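Subject: Structure handover and notes

Hello,

Please find the structure below, followed by notes on what was found in it. Please read them with the structure open.

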Amino acid sequence: MTQYIDKIKEIANRVLTEGKVEMVIGFRKGSVPMMNQPHLATSAESVDELVWDSNCGLNLANYLTDKKGTIGIIAKGCDSRNIVTHVIENKIKRDQLYIIGVPCTGMIDHHKINAMFDGEVLNVEESGDSITISGNGFSETLSKQELLAENCAVCSHRNPVEYDELAGDLVEEQKDVDQYASVTKVEALSADEKFNYFEDLLSPCIRCYACRNACPLCYCPTCFVDESRPQWVGKSQDPTDVKTFHLLRAYHCAGRCTDCGACERVCPMGIKIREFTKKLNKDCQDLYGWEAGLSLDERPPLDTFKTDDPDEFIK
Amino acid sequence: MKNLLEHTGLEPGRLHFSWISSAESTKFVDVVTKITDEVKALDPANKKYVKTEPKVD
């Protein structure tokens, strides 16, 4: 995906000099491998810092909330779906934005890569479909397909859905992927097994709220976990409190989550947080035939009422 | 809401939803009786989602 960068820089420079936008939101190289950081480019020099590779897994729509002025933004498939969600939730106006669409072939999973090697990974080079990972005393070249983040491996919207200009040719969408394989697996368990599964899943959680901060959907001025009057959820490490946080956060994302995987990517403990949102995405798909962020003209299922909405759960 | 809670291990039958108007007193009685009967039939030792004393290792 590194081939897009020249085109991205060219577009960013052009829209900035033409005065179409005041800044361009993209990525620059991070201080450690596989950790590209968000970058707000406002001048030709800062445009030069922009990069694009397989480590751009954060969701840039997160930086658009309630912004004033005109903004250029680099958007892969999931970013563009979150931009659509932002627009329909009135968090930004479509005409403030100049969306530079980037067809995506998936981002690599830094948790997985770090776990593969004993020593610290010091350098990760990408060329075409192969990734070379090296550190003190080791170097290995692997295919990118094996290293994809879990959400990218089952992604069916790699191309941006909304854009003003593309930085490359559209890529072929993945077909025949079972998006909900992980959910179906858990669904087959008994109630006790399910409970233990999620208890184990969340046991490393340190309540740092990185998942919430990286999520483009979590833009409330005061999050429910930070409220103290009333205090909705206990602030301790008790498993019940931890689970309450994760369940409620997931509910707040119901019908809005695009499975961009930013939450999992930023989790310092490598918890599979998508297990919660994925279940809700599956329910939205089954009950309402809805996938978030695909169209600017449709309202999400949870803010509309239809007489034929499913209601089997109400007695 | 029910789906995710049950997906994460809440026993089916612990959570109920109903729509009852303030004029439907008989329906209210029926529903509450039915719910309490169903919940009483479940294992009382199952205290998931209930905050307990912290574990000491």
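Contact here means heavy atoms within 4.5 Å. This is a predicted model, in which local features need pLDDT of at least 70 and side-chain atom pairs count only at pLDDT 80 or more, while totals for chains, interfaces and linings use all residues. Residues are numbered from 1 along each chain as its sequence is written, chains are lettered from A and ligands numbered from 1 in the order in which they are written, and side-chain values use heavy atoms, with hydrogens and water left out.

The interface

Chain A puts 26 residues into the contact and chain B puts in 24 residues. Buried area is the accessible area (1.4 Å probe) that two parts lose on being put together, summed over both. Between chain A and chain B this comes to about 2,000 Å², of which 62% is on carbon and sulfur atoms. On the chain A side, A:Phe195, A:Tyr251 and A:Lys315 lose the most area to chain B, and together they make up 31% of what that side buries.

Helices (H or I, at least four residues) and strands (E, at least two) are DSSP runs, numbered from the N terminus. Four helices of chain A, α7 (181-187), α8 (191-202), α10 (239-252) and α12 (274-288), each supply at least two residues of the side that touches chain B. By class, that side of chain A has 13 nonpolar, three polar and 10 charged residues. For these classes, Ala, Val, Leu, Ile, Met, Phe, Trp, Tyr, Cys and Pro count as nonpolar, Asp, Glu, Lys and Arg as charged, and the others, Gly among them, as polar.

Two residue pairs in polar contact are found across the interface of chain A and chain B, both at pLDDT 80 or more.

The two chains

Chain A has 12 helices and nine strands, whereas chain B has two helices and zero strands. Buried means under 20% relative accessible area, exposed over 50%, and partly exposed in between (1.4 Å probe, protein chains only). In chain A, 53% of the 315 residues count as buried; in chain B, buried residues make up 26% of the 57 residues.

The radius of gyration is taken over C-alpha atoms, and the globule rule is 2.2 Å times the number of residues to the power 0.38. For 315 residues a compact globule would have a radius near 20 Å, and chain A agrees, with 20 Å. The C-alpha atoms of chain A fill a box of roughly 60 × 50 × 45 Å, taken along the principal axes.

Individual residues in chain A

A:His39 is in strand β2 and is buried, with a relative accessible area of 5%. A polar atom of the A:His39 side chain lies 2.9 Å from the backbone oxygen of A:Ser46. Leaving aside neighbours within four places in sequence, A:His39 is in contact with residues including A:Val24, A:Phe27, A:Glu49 and A:Leu50.

A:Ser295 lies in the segment after α12. A:Ser295 and A:Val84 are 211 residues apart in sequence, yet 6.9 Å apart in space, C-alpha to C-alpha. The side chain of A:Ser295 also reaches the backbone nitrogen of A:Asp297 at 3.0 Å.

A:Glu89 sits in the loop between α3 (77-88) and β5 (97-101). A:Glu89 is buried, at 18% relative accessible area, and touches A:Tyr219 and A:Arg256, not counting residues up to four places away in sequence.

Backbone points to check

Most residues other than glycine have a negative phi, and most peptide bonds are trans. A:Met34, in the loop between β1 (23-28) and β2 (37-41), has a positive phi of about 65° and is buried, at 6% relative accessibility. A:Asp66 has a positive phi of about 55° and is partly exposed, at 44% relative accessible area. The peptide bond from A:Arg229 to A:Pro230 is cis, with omega near -5°; A:Pro230 is in the loop between α9 (210-214) and α10.

Regards

Methods:
Polar contact = N/O pair within 3.5 Å; in protein donor to acceptor, adjacent residues only side chain to side chain.
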